[in-house]
Amino acid sequence: MTLRLTEEQLEIRALARDFASGEIRPYASAWDANREIDPEIFAKLGELGFLGMQIPEAFGGLELDLTTYLLVLEELAWGDASVALAVSIHSGPVASLLLQHGTEEQKSRYLPALAAGDILGAFALSEGGAGSDAKALETTATPRDGGWVLSGKKKWVTCGKRAGVILLFAKVAGGGGIHAFLLEPGTQGLRVGRREVTMGLSALETVELELDQVPVGREALLGEEGKGLGHAMAALEVGRLGTAAQAVGIGRAALEHARRYAEERVQFGRPLSELQATRFKLAEMANRLAAARALALCGAQALEEKLARGQGRAVGGGILDPEAPAAGTLAAMAKLTASEAAVWITD
């Protein structure tokens, strides 16, 4: 396989880098201190198409491949991790599941607005007792009058307060699996609860969502009944790759900061960058960063091949030989490797 980038991919990455440098980085510290991202940034991202990266052109998106999508996320995270995470959730799980499982009416209603940045998407899966164990959901969907009534509480919902559409998962009361629903703000019984206080990503609104007898009709159901958990797990493969790309961007920003400081700081009559111990550290930072990026891009290609197989398209010459890890495994490996690299580099 090869990870050589095309001219188009290089141009899009350069555009994302210029945008992050001019429109995100100069304001990131203020956003962090104020605990709020300027909403104008999402309008600007929408104008560039970076909120519709995985949405087809027919719905106003750019219809980019996963590799290019990850390249853009890395640049946005290099600018500010809070912005990158909001874009990742909006463009990853929310847009991808709508595209794969939405009805034509749902796609026409939400995808153009998501691509343009008119609305943001939020993903509401986790609960207090159901984080990694998504099957343990306690939010219920009780069948009633040809639809359902939703009750429960969701935690750690990124952009849950400002989102225009929320992809929410609930367990059917009395059995029947887990359903996925599309909810809009202002829906009767849906309330935004407490905002979380986090150790990082301070500018990002991460909130609880409370559902008190929320009535929804069949038009709110995304995909087949009882298939919600499978949809969520599939979407998280894209989400893990997005997390890996963000971690690479964070690590790269820290490496660049460390290198500049080492060149400016003088000790014992010479810059720190001329000391071998410092050079060893910088070299190891660059090594871990390059390995993490390569694994994330390998995961993107593997997932593209998996999706192509699922859609009945011919696939050849990729990395999915019998000895290679599966796409989901690669995505998890990339998330772990990149996250650990970012922590080690920043530390």
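Helices (H or I, at least four residues) and strands (E, at least two) are DSSP runs, numbered from the N terminus. The structure is a predicted model, in which local features need pLDDT of at least 70 and side-chain atom pairs count only at pLDDT 80 or more, while totals for chains, interfaces and linings use all residues. Residues are numbered from 1 along each chain as its sequence is written, and side-chain values use heavy atoms, with hydrogens and water left out.

With a relative accessible area of 17%, L190 is buried; buried means under 20% relative accessible area, exposed over 50%, and partly exposed in between (1.4 Å probe, protein chains only). Leaving aside residues up to four places away in sequence, L190 touches I166, L183, E184, E210, L211 and V214, where contact means heavy atoms within 4.5 Å. I178 is twelve residues from L190 along the chain, and the C-alpha atoms of the two are separated by 19 Å.

The interior comes next. In soluble globular proteins, nonpolar side chains tend to be buried together. A nonpolar core is a set of buried Ala, Val, Leu, Ile, Met, Phe, Trp, Tyr and Cys residues joined through side-chain atoms within 4.5 Å. The largest such core has 91 residues, of which L45, L114, F123 and F169 touch the most other members. Helix α6 (residues 228-264) gives the most to this core, contributing 13 residues. Another core, of 20 residues, lies apart from it and includes A122, A124, V157 and L183. As for F169, its contacts, not counting residues up to four places away in sequence, include L97, F123, A124, L125, L137, I178 and A232.

E127 counts as buried because its relative accessibility is 5%. A polar atom of the E127 side chain lies 2.7 Å from the backbone nitrogen of E138. Residues up to four places away in sequence not being counted, E127 touches L137, E138, T139, K153, K154, K155 and W156.

The cysteines may be considered briefly. C159 is buried at 5% relative accessibility, and C298 is buried as well, with a relative accessible area of 17%. A search of the whole structure finds zero disulfides, a disulfide being a pair of cysteine sulfur atoms within 2.5 Å.

The description now turns to open space. On a 1 Å grid over the protein atoms alone, a pocket is an open set of points where a 1.4 Å probe fits, with protein on both sides within 12 Å along at least five of seven lines; lining residues have an atom within 4 Å of a point. The largest pocket is lined by 47 residues, and L85, T158, L201, T243 and Q246 lie nearest its centre. Among the elements that give two or more residues to this lining are α1 (7-34), α3 (66-79), α4 (81-101) and β3 (147-158). Helix α6 supplies the largest share of the lining, ten residues.

L201, one of the residues nearest the centre of that pocket, is placed in the loop between β6 and β7 (206-216). Although L201 is not a glycine, it has a positive phi of about 50°. L201 counts as partly exposed because its relative accessibility is 35%. F268, in the loop between β9 (266-267) and β10 (270-271), has a positive phi of about 55° and is not a glycine. F268 is exposed, with a relative accessible area of 76%.

Technical notes
Polar contact = N/O pair within 3.5 Å; in protein donor to acceptor, adjacent residues only side chain to side chain.
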